[in-house]
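Work through these exercises with the model open beside you. Try each task before reading its solution.

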Amino acid sequence: MSSVPPFLIFLAGALVVPFLRGMPVVRAAWLLMIPIVGALNVMGIQEGYQLQFEFLGYTLTPVRADRLSLLFGYLFHLGAFISIVYSLHLKDGDRPTLQHTSAVVYAGSALGAVFAGDFITLFVFWELLAVSSVFLIWARRSPRAVRSGLRYLLVHVVSGVTLLAGAMVHAHQTGSLEFGLMELEGLAAWLIFLAFGVKAAFPLLHSWLIDAYPEATPTGTVFLCAFTTKVAVYALARGFAGTDILIYVGAVMACFPIFYAVIENDLRRTLGYSMINQIGFMVCGIGVGTHLAINGAVSHAFNDVLFKGLLFMAMGAVMHMTGKTKASELGGLYKTMPKTAILCIVGALSISAVPLFNAFVSKSMIMSALLYEHHYWIWPVMLFASAGVVEHAGIKIPYFAFFAHDSGIRTREPPGNMLVAMGIAAAACLAIGIWPDLLYGILPHGGEAAEYEPYTYTHILTQIQLLCFAIGAVAAFHLWKIYPAEIPSVNLDADWVYRRAAVKVTRWTGAVVSGVDRAFRGTVLKTVDRTLRGAFRAHGPKGILARTWPAGSMVLWVSILLAAFLFLQFF
Amino acid sequence: MSTHLPVLQVVVPLLAAPVCALIRNARAAAVIAVLASWATLAIALSLLGDVMSAGVISYALGDWVPPIGIEYRVDIVNAWVLVIVSTIASAVAPYMITSVEDEVERRRIPLFYAAYLLCLCGLLGITVTGDVFNVFVFLEISSLSAYALIAMGTRRRALTAAFRYLVMGSVGATFIVIGIGLLYVMTGSLNMADLAVLLPEVWDSRTVKVAYGFLGVGFCLKLALFPLHLWLPNAYAFAPSAVTAFMASTATKVAVYMLLRFFLTIFGAPFSFGVMALDRVLLPLALVAIVSMSLVAIFQVDVKRLLAYSSVAQIGYMVLGLSFASVTGLTATLLHLFNHALMKGALFMAMGCVVYRIGSVHIDAMAGLGKRMPWTMAAFVLGGLSLVGVPLTVGFVSKWFLILGALERGWWPVAVIVLLASVLALVYVWRVVEAAYFRPYEGDEGVGVEAPWRLLVPTWALVGANLYFGINAVRTAQVAERAAEVLMTGVGP
């Protein structure tokens, strides 16, 4: 069976969607058809398949299929299918045409990016990702969403331009536009690295994610979490595998969001921080660069789409039914949304890397690879980060939404399509956790690296100890935080002091980190502001450069230029 | 017949002009203008085909042998520019019929077409001729008719804008004629090919250098290089819409052609870049134009003025390509001549559609037009994307060659500035998009429905060309590259 480029099916499918306005059943069927047909098409693509043509003396490769791109291809079809099922209920008030069309284009451009074999194709889909996904934010229509969407668009367009700049320098130096493994040396590689870094939400480049994702529509966030950052992870794995600096970048990414996630009240924003934290694990694995580590990073990306998608879907369902996402306003929802609560707990167990859930089989690969490559300092850092995940995503999210104090909200289960979508994701989380070979069979590096055994005694023991420790710490933490009035009456024993000190240290570190971050961003913003004001003074409607000048002063310029020219020639 | 094509290129519009003025019938004049414009395109295309296959065409006017008589000399460079000018004329002329009826007094319409045809004739004449004094004559024909065209704008400020353009244009033309005179004093010849042979012997004389200075300032004034651009924004903003679309895509392009022809063919690349350091003079001015004028464009509230400032920035790109002093750089310049004509033509024509319906192009007046005039605003968005330089549009092809040229010279910062300026372009295009698509419509319900198809078809023809030549850039890039090689190596056989 001959195949067509994967992105074509989505883009062509998206063209039809606007014409299905007012026919919800036909539209639903059509939308579901797109990823299914796409998946059948991708299954037919052989490893090593390439589509090439010449453009201005360069070889462009719009489609290049190898194990790495095919894995992401399968993943994006699965992610698109789940997200589409999740968003089928959209009614006229939610701008369904706009949301569905842009979501399908968005999924198609993510596919285009992972199958791109050259930088120009990559750049085109890189920008298309940004342009199509911003409508998922704007569809919310609140002024806040419009503004944060604009900022999101600006950041990503600049990232694309940086990528193009790097690509052109690269093409000039090497004479080739092929997108392959690079050394992080020279201007070209750094520009490309920076562009990838923006999309992967590297520390200090991450604020767009926290800014924009929580502002998107409940269904839009599910799409957003599946594609943009995963494309960046793919690009890093393709271009910069084994680049040492990524290990440290990844470690910072895995750690710093924890402090924010702990103090954040908005649960969807908490998940945004959690997302950066998970990408940190992937980036770290890519930095290690061994076959095992790359397999781990890539399979963690695969799993992340499932469990993070599941958590975002659960929070989206809560938001859809109650209109709230703040931890302080929610609570006790398990009484009226038991199915959602259970599904959310499956997602929470997955992200916490509990054995038999999917993150366990991928994260342990990254952790093992760190030890095999003797990164003894990074390993405990990542262990700390894992404990943080349990706290902010594994316990905080389900606890505050569905249990905690009863907020008095009485609602119903979300629409059936949302439950089905969450069910598919939850089933996939469990299936991969129980039968890891499902995933291991398609990993980019076969052979020995693929025969990794996650369920050894040491792995399980380490993880269970970590979980127990983390849960214990969290329980203590909450005990103190939730019942502050009771604190004075508790006897002053050593244990209590220790707990209190630990909490204080955590808070203090959080405050320092966020203080430094705020100061940094403040300075940057102020500088930008000042530059803009200066530019406006000179270039604004009344500025010296934009005024309507009398003919006399125009002629003055002519004579100045002529005089300068003659002067230069004679002296 | 085909041997007379070079002269027919000029004679067709030149004869059509008085016919328009004499018959005094708006509709008939319009038909004549459209047919004449299409005829010039057919002639230009067949000339380009001939030159591509057979090399330089020399046509002796009145059978007087050059260098004594006036020679029309067509090589791949000016055949290319002829195609640009006549393509835009062919797209704008049918558009004029409807647009001009709306914006110009009825009794003046036949005269309007006469002025338009004279302007077209002048621009084609400058391009086709091989005689430097003839260049000056055609320059005056095109300029004088352009002043008249601009003065026919609906607002009274069109008169002052036209007058200021007249003063500046005359200063420029005077400088050019002084330069030509000095060259004649030194060599005794007015024929371009002849001058190219004679000039190297007198390179060292101060007279030649002074001539170079006068010519340079004169050309830069005509092509609106920063800081000599001050006449342009008002002239474009207040002229009738169709005139703006025509002038913005042709007049400055022909001025760039004059600059290239004089400084590279007549004086020669070794003199311009070696002795006179033309590249080092133009580079900073081009960069300031690109950045500063894009910034000014961001803060404009009148969209025609915004696009006018953007034109000054885009001229910066063309001059920047020249300042690389390489074949790649010149290829970028020549490609951008064509590409910018397509994009600005499309954008100004879209604005003409808006003027036709709501009578204003103030950014606030355009609020909510995305829904009410979907085809017009879609044309604007696509033209705007091309202006920004998004792949699959012609803008990307120009930027591509420009950046390659910068990298070839090892000028990384220049390449970065070019890319950053694209983001600035995105900002000013975005401001219009934001108004049209994200703000609610505030005007009367009755006004502001989609523009008539007679305006939309020519606009979309140019938009389509923007996309077509962006996707299939091989042909245009080949022609531009061969033309750039001709310019860098001097006169052909």
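**Exercise 1. The interface**

Task: In this predicted model, find how many residues of chain A are in contact with chain B, and which helices supply them.

Solution. 
- Step 1. Count the contacts: 32 residues of chain A touch 34 residues of chain B.
- Step 2. Assign the chain A side to helices. H5 (119–138), H6 (143–174), H19 (494–539) and H20 (551–570) of chain A each give at least two residues.
- Step 3. Find the largest share. H20(A) supplies it, with ten residues.
- Step 4. Sort the chain A side by class. There are 27 nonpolar residues, five polar and no charged.

**Exercise 2. The overall form of each chain**

Solution. 
- Step 1. The C-alpha trace of chain A covers about 90 × 65 × 60 Å. That of chain B covers about 70 × 55 × 40 Å.
- Step 2. Look at burial. In chain A, 51% of the 571 residues count as buried. In chain B, 66% of the 493 residues do.
- Step 3. List the secondary structure. Chain A has 20 helices and two strands. Chain B has 20 helices and two strands.
- Step 4. Check the sequence range of the contacts. Take those in chain A with a separation of 6 or more: residues 24 or more positions apart account for 79%. In chain B, 80% of the contacts between residues at least 6 apart join residues at least 24 apart.

**Exercise 3. A helix and its cover**

Task: Describe helix H19 of chain B: its reach, its buried residues and what covers them.

Solution. 
- Step 1. Check the reach. H19(B) runs over residues 453–471 and has 19 residues. From first C-alpha to last it reaches 26 Å, close to the 27 Å expected.
- Step 2. Pick out buried residues. Among them are B:Leu455, B:Trp460, B:Leu462, B:Val463 and B:Phe469.
- Step 3. Recall the helix repeat. An α-helix has 3.6 residues a turn, so residues three or four places apart point the same way.
- Step 4. Name the cover. It includes H3 (76–103), H14 (327–358), H16 (374–388), H17 (394–408) and H20 (474–489) of chain B.

**Exercise 4. One proline**

Task: Is B:Pro110 buried or exposed?

Solution. 
- Step 1. Locate the residue. B:Pro110 lies in helix H4 (residues 109–128) of chain B.
- Step 2. Count around it. There are 23 other C-beta atoms within 10 Å of B:Pro110. The cut-off for buried is 20 or more, so B:Pro110 is buried.
- Step 3. List contacts beyond four places in sequence. They include B:Cys20, B:Ile23, B:Arg24 and B:Ala29.
- Step 4. Compare sequence and space. B:Pro110 and B:Leu22 are 88 residues apart in sequence, yet 8.1 Å apart C-alpha to C-alpha.

Key
Residues are numbered from 1 along each chain as its sequence is written. Chains are lettered from A and ligands numbered from 1 in the order in which they are written. This is a predicted model: local features need pLDDT of at least 70, side-chain atom pairs count only at pLDDT 80 or more; totals for chains, interfaces and linings use all residues. Helices (H or I, at least four residues) and strands (E, at least two) are DSSP runs, numbered from the N terminus. A residue is buried if 20 or more other C-beta atoms lie within 10 Å of its own, exposed if 12 or fewer, and partly exposed in between; C-beta atoms are placed from the backbone. Two residues are in contact if their C-beta atoms, placed from the backbone, lie within 7 Å. Ala, Val, Leu, Ile, Met, Phe, Trp, Tyr, Cys and Pro count as nonpolar, Asp, Glu, Lys and Arg as charged, and the others, Gly among them, as polar. The expected span of a helix is 1.5 Å times one less than its number of residues.
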